[in-house]
Amino acid sequence: MGFRLFIFPALLIGMILSSCRHPLLTTPEIPTGGLNSKSPEEYPTYSGDGRFLAFASERQGHRDIYLFDLQQKRLVSLPNLNRRDSSQDQPALSFDGRYLVYVSTERGKSDIMVYDRNQQRSTLLTANVRGSVRQPTITGDGSQVAFQTSQLGEWNIAIVDYQTSP
């Protein structure tokens, strides 16, 4: 009798899971067409509107940031963002994908930069920060950036107002 009670709930759960789309039964899609390459693709992040996906990869032999337009299914050019003498990593996007915040080693240490796709230029946010920085994030409107910093000897969160107007 105890054996039957054990089988019935297991059978019932199996029937319920097979009759609906359950996350455990869904196979993830791995898109092609510029999104994935033979290099590791890391730190994926969506824009708030879901149109863009930014990520880091070593496709050119050094760490760069890439932006993929999910509607047009193609990579988006990011002039003046990636540089051969530094690495770019850990991207995050504003709501509409205009602003991209990331970690750069351009000055020989980790820094937080904000790239404006309209102006095609990056702005350094951590010129006066000593220690390491990592894991930046940006508000939907691009006005504030938060990140982790070891400036005070332990990992803390810092917030910088990023003024988007000249």
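Glu 42 stands opposite Ala 56 in β2. The strands β1 and β2 pair in the antiparallel sense over four bridges, where pairing requires that DSSP finds at least two bridges between two strands. The model is predicted, so that local features need pLDDT of at least 70 and side-chain atom pairs count only at pLDDT 80 or more, while totals for chains, interfaces and linings use all residues. Residues are numbered from 1 along each chain as its sequence is written, and side-chain values use heavy atoms, with hydrogens and water left out.

The protein chain holds one helix and 11 strands, assigned as DSSP runs numbered from the N terminus (helices H or I, at least four residues; strands E, at least two). From the N terminus on, the order of the elements is α-β-β-β-β-β-β-β-β-β-β-β. Of the 166 residues in the protein chain, 35% are buried (buried is under 20% relative accessible area, exposed over 50%, partly exposed in between, with a 1.4 Å probe and protein chains only). The accessible surface of the protein chain is about 10600 Å², and 54% of this surface belongs to carbon and sulfur atoms; the areas come from the Shrake-Rupley method with a 1.4 Å probe, and for residues only the protein chains shown count as cover. Among contacts (heavy atoms within 4.5 Å) with a separation of 6 or more, 30% are between residues 24 or more positions apart.

The hairpin of β1 and β2 has five residues between the strands, and Gly 50 in its turn has a positive phi of about 80 degrees. Thr 45 is placed in strand β1 (residues 41-46) and counts as buried at 17% relative accessibility. With residues up to four places away in sequence not counted, Thr 45 touches Phe 52, Leu 53, Ala 54, Pro 91, Ala 92 and Leu 93.

Strand β2 is mostly covered, with six of its six residues buried. Phe 52, Ala 54 and Ala 56 point one way from β2, whereas Leu 53, Phe 55 and Ser 57 point the other way. Strands β2 and β3 run antiparallel and are joined by six bridges. In this pairing, Ala 54 has Leu 67 of β3 as its bridge partner, and Ser 57 has Asp 64. Between β2 and β3 the hairpin has six residues, of which Gly 61 takes a positive phi near 90 degrees.

In β3, too, six of the six residues are buried. Asp 64, Tyr 66 and Phe 68 point one way from this strand, and Ile 65, Leu 67 and Asp 69 the other way. Three bridges pair β3 with strand β4 (residues 74-76) in the antiparallel sense, and the partner of Asp 69 in β4 is Arg 74. The hairpin of β3 and β4 has four residues between the strands, and Lys 73 there takes a positive phi near 55 degrees.

Aromatic rings of Phe, Tyr and Trp (its six-membered ring) were taken to pair if their centres lie within 6.5 Å, with planes under 30 degrees apart counted as stacked, over 60 as edge-to-face and the rest as tilted. By this rule there are two aromatic pairs. The ring centres of Phe 55 and Tyr 66 are 5.6 Å apart and the planes are at 20 degrees, so the pair is stacked. Phe 55 lies in strand β2 (residues 52-57) and Tyr 66 in strand β3 (residues 64-69), so the pair ties together parts that are 11 residues apart in sequence. Phe 55 is buried at 3% relative accessibility, and Tyr 66 is buried at 13%. Tyr 99 and Tyr 162 form an edge-to-face pair, at 5.9 Å centre to centre and 75 degrees between the planes. This pair links distant parts of the chain, 63 residues apart, with Tyr 99 in strand β6 (residues 99-104) and Tyr 162 in the segment after β11 (156-161). Both Tyr 99 and Tyr 162 are buried.

A charge sits over a ring if NZ of Lys or CZ of Arg is within 6 Å of the ring centre and within 35 degrees of the ring normal. The charged end of Arg 117 sits over the ring of Phe 52, at 4.7 Å from its centre. Arg 134 lies over the face of Trp 155, 3.7 Å from the ring centre.
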